[in-house]
Amino acid sequence: MRPQPLLCVHDVEATSRWYQQLLGCQSAHGGPEYERLEANGTLILQLHRWDVDHDHGPIGNPAARPYGNGVLLWFEIDDFDAALARAEALQAEVVLPRHRNPPDGDGGPNHWELWIRDPEGYTVVLASPDGSAG
C-alpha cells in the first residue's frame, strides 16, 4: 500500500512550488489544474484545483474552512534541520515550533517535529526519523 494524498487548492502551480521547496521534491506532472509531486520517483502528494471537476465532479467545497480540519499532512524527512531552514525561508506560519515527541522520557517516536501551515491553510508536520531525537 502506498498513500497518495490529494489536496484541493486555489493555485496549483504556486502550491506545487511551495511544497517542492519545503520538501525537496519534484513535479511529475505540472500545470494549473493538477499536479503530482514525487520524491525519489515515489508519488508523495497530489494537488488539484478546487474548481476543476475532471469528469468526476467537485472534490470539495472551497468555502468550507478550515481546510483539512482534523487531518495532518505528515512527512518524515531525513534532512530535518535543512527542512526547518527551508520552512523559515518560505516564511511558513508556525503552528507548533520545533519540539521533541514525546517531550521527555522514553517511549514514543523519540523524534523532532515542526508543525506549519501551507499557503492554503493545511497543517503540515515535518518529522525527523523515529529515534533521531536521542
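**Reading the model, from loops to rings**

Analyst: Pro-66 lies in the loop that runs between β4 (42-49) and β5. Strands (E, at least two residues) and helices (H or I, at least four residues) are DSSP runs, numbered from the N terminus. The model is a predicted one: local features need pLDDT of at least 70, side-chain atom pairs count only at pLDDT 80 or more, and totals for chains, interfaces and linings use all residues. Residues are numbered from 1 along each chain as its sequence is written, and side-chain values use heavy atoms, with hydrogens and water left out.

User: What kind of peptide bond joins Arg-65 and Pro-66?

Analyst: The bond between Arg-65 and Pro-66 is cis, with omega about -5°. Another cis bond leads from Asn-101 to Pro-102, where omega is near 0°. Pro-102 has its place in the loop between β6 and β7.

User: Where is Asn-40 found, and what is its phi?

Analyst: Asn-40 is found in the loop between β3 (34-39) and β4. Its phi is positive, about 55°, although Asn-40 is not a glycine. Asp-55, in the loop between β4 and β5, also has a positive phi, near 65°, and is a residue other than glycine.

User: Is Asn-40 buried or exposed?

Analyst: Asn-40 is exposed, at a relative accessible area of 80%. The terms are set by relative accessible area: buried is under 20%, exposed is over 50%, and partly exposed is in between (1.4 Å probe, protein chains only). Asp-55 counts as exposed too, at 82% relative accessibility.

User: In what order do the four strands of the open sheet stand?

Analyst: The order is β5-β8-β7-β6, and the pairing is mixed. β5 (73-76) and β6 (93-101) stand at the edges with a single partner strand each, so one side of each has no neighbour in the sheet. From one strand to the next, the twist averages 15°. Two strands pair if DSSP finds at least two bridges between them.

User: In which sense do β6 and β7 pair, and over how many bridges?

Analyst: β6 and β7 (residues 111-117) pair in the antiparallel sense, over six bridges. Val-94 stands opposite Ile-116 in β7, and His-99 stands opposite Glu-113 in β7. Turning to the other pairing, β7 and β8 run antiparallel and are joined by five bridges. Here Glu-113 stands opposite Ala-127 in β8. β7 and β8 form a hairpin with five residues between them, and Gly-121 in the turn has a positive phi of about 105°.

User: Why is β7 described as largely enclosed by the rest of the structure?

Analyst: Five of the seven residues of β7 are buried, so the rest of the structure largely encloses this strand.

User: Which strands does helix α1 lie across?

Analyst: Helix α1 (residues 12-23) lies across β5, β7 and β8 (123-127), and runs at about 20° to β8. Helix α2 (residues 80-89) lies across β6, β7 and β8, running at about 20° to β7. Contact means heavy atoms within 4.5 Å. Axes are lines fitted to C-alpha atoms, for helices over the stretch in contact, and angles run from 0 to 180 degrees between N-to-C directions.

User: How should I read aromatic pairs?

Analyst: A pair of aromatic rings is described by the distance of the centres and the angle of the planes. The structure holds four aromatic pairs. The centres of the Trp-18 and Tyr-19 rings are 5.0 Å apart and their planes stand at 80°, so this pair is edge-to-face. Rings of Phe, Tyr and Trp (its six-membered ring) pair if their centres lie within 6.5 Å; planes under 30 degrees apart count as stacked, over 60 as edge-to-face and the rest as tilted. Both Trp-18 and Tyr-19 are buried. Elsewhere, ring pairs link Trp-50, Tyr-67 and Tyr-122 into a cluster.

User: Which residue lies over the face of Tyr-67?

Analyst: Arg-65 does, at 3.9 Å from the ring centre. Arg-98 lies over the face of Trp-112, at 3.8 Å from the ring centre. A charge sits over a ring if NZ of Lys or CZ of Arg is within 6 Å of the ring centre and within 35 degrees of the ring normal.

User: How many disulfides are there?

Analyst: A disulfide is a covalent bond between the sulfur atoms of two cysteines. The rule asks for a pair of cysteine sulfur atoms within 2.5 Å. By this rule there are zero disulfides. Cys-8 is in none, since the nearest cysteine sulfur, that of Cys-25, is 18 Å away. That distance is too far for a bond. Cys-8 counts as buried at 6% relative accessibility, and Cys-25 counts as buried at 5%.
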